[in-house]
Amino acid sequence: MELHNDVERILLSEEQIKARVAEIGREISLDYQGKKPLLVSVLKGSIVFMADLMRSINVDCEIDFMSVSSYGRSKTSSGVVRILKDLDHDITDKHIIVVEDILDSGLTLSYILEMLKSRGAASIRLCTLLDKPERRKVSVAVDYAGFTVPDDFVVGYGLDYGEYYRNLPYIGVLKPEVYTK
C-alpha cells in the first residue's frame, strides 16, 4: 500500500511543521527559564511531535509518556477515556507540559488535564500541534498551539487512521473513501 496515494492533499508541509515546532520550542524555552519542565507525551500520536519539540527546547527538561484510549478503531472520540499506560514520574510540584498531536473535541484532554491537576503538579500547560476548534465539545485552554486546522480527517507526522499513515513527514487530508469503506 502506497500511503501517499490515500492522501487527498497536503495540509501542512514538512518544512512548515519543522519551522513551527522550532518556534514553539523557543517559546517554551523562554517561558521555562530556571525551571525544569516535565513533557508528557500522549501516545501514540504525539510521539513524532514530542521528539522534534524536545530537541528544540533549550532548558533542562524531563519526559514521560501516557497512553490513553477514547477512539478505539473509530474516527471519533467516544468520550470514555481509558488509561492504558500511566506516568512513571511522581508529578507533585513539577511543571507539566502535556504534549498532544491534535485537540478536537477536548473530551480526552480535559480528562487528562483534570487528572494531572489532582496529582499536585506545580503548573500544567497544554501544547498541541493541531487545534480543531470546530470540533470542540468542552472548553480546553491551549498554551502552545502549532496550527489551527479545518475539520478534515488529517493524518501524518504521528497522526493515524487504523495505525497507518503516522510515518508521513507532512500532515495531509485523508481521502474520504479510505475511512468510509
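Two residues are taken to be in contact when heavy atoms of the one lie within 4.5 Å of heavy atoms of the other. In the predicted model described here, this criterion places L39 in contact with M50, M54, I57, C61, E62, I63, D64, I97 and V99, when its neighbours within four places in sequence are left aside. L39 itself belongs to strand β2, which spans residues 38-43, and its relative accessible area is 0%, so that L39 counts as buried, the limit for this class being under 20%. The C-alpha atom of L39 is separated by 35 Å from that of T180, a residue 141 positions away along the chain.

The chain as a whole contains 4 helices and 9 strands, and these elements follow one another along the sequence in the pattern β-α-β-α-β-β-β-α-β-β-β-β-α. Among the contacts with a separation of 6 or more, 66% are made by residues 24 or more positions apart.

With regard to overall dimensions, the radius of gyration of the chain is 16 Å, which agrees with the value near 16 Å that a compact globule would have with 181 residues. Along the principal axes, the C-alpha atoms fill a box of roughly 50 × 35 × 25 Å. Of the 181 residues, 46% count as buried, while the accessible surface of the chain comes to about 9100 Å², with 48% of this area belonging to carbon and sulfur atoms. The charged side chains comprise 23 positive and 28 negative ones, and the centres of these two sets lie 2 Å apart.

Terms used:
Residues are numbered from 1 along each chain as its sequence is written. This is a predicted model: local features need pLDDT of at least 70, side-chain atom pairs count only at pLDDT 80 or more; totals for chains, interfaces and linings use all residues. Side-chain values use heavy atoms; hydrogens and water are left out. Helices (H or I, at least four residues) and strands (E, at least two) are DSSP runs, numbered from the N terminus. The radius of gyration is taken over C-alpha atoms; the globule rule is 2.2 Å times the number of residues to the power 0.38. Buried means under 20% relative accessible area, exposed over 50%, partly exposed in between (1.4 Å probe, protein chains only). Accessible areas come from the Shrake-Rupley method with a 1.4 Å probe; for residues, only the protein chains shown count as cover. Lys and Arg count as positive and Asp and Glu as negative; His and the chain ends are not counted. The place of a charge is taken as NZ of Lys, CZ of Arg, CG of Asp or CD of Glu.
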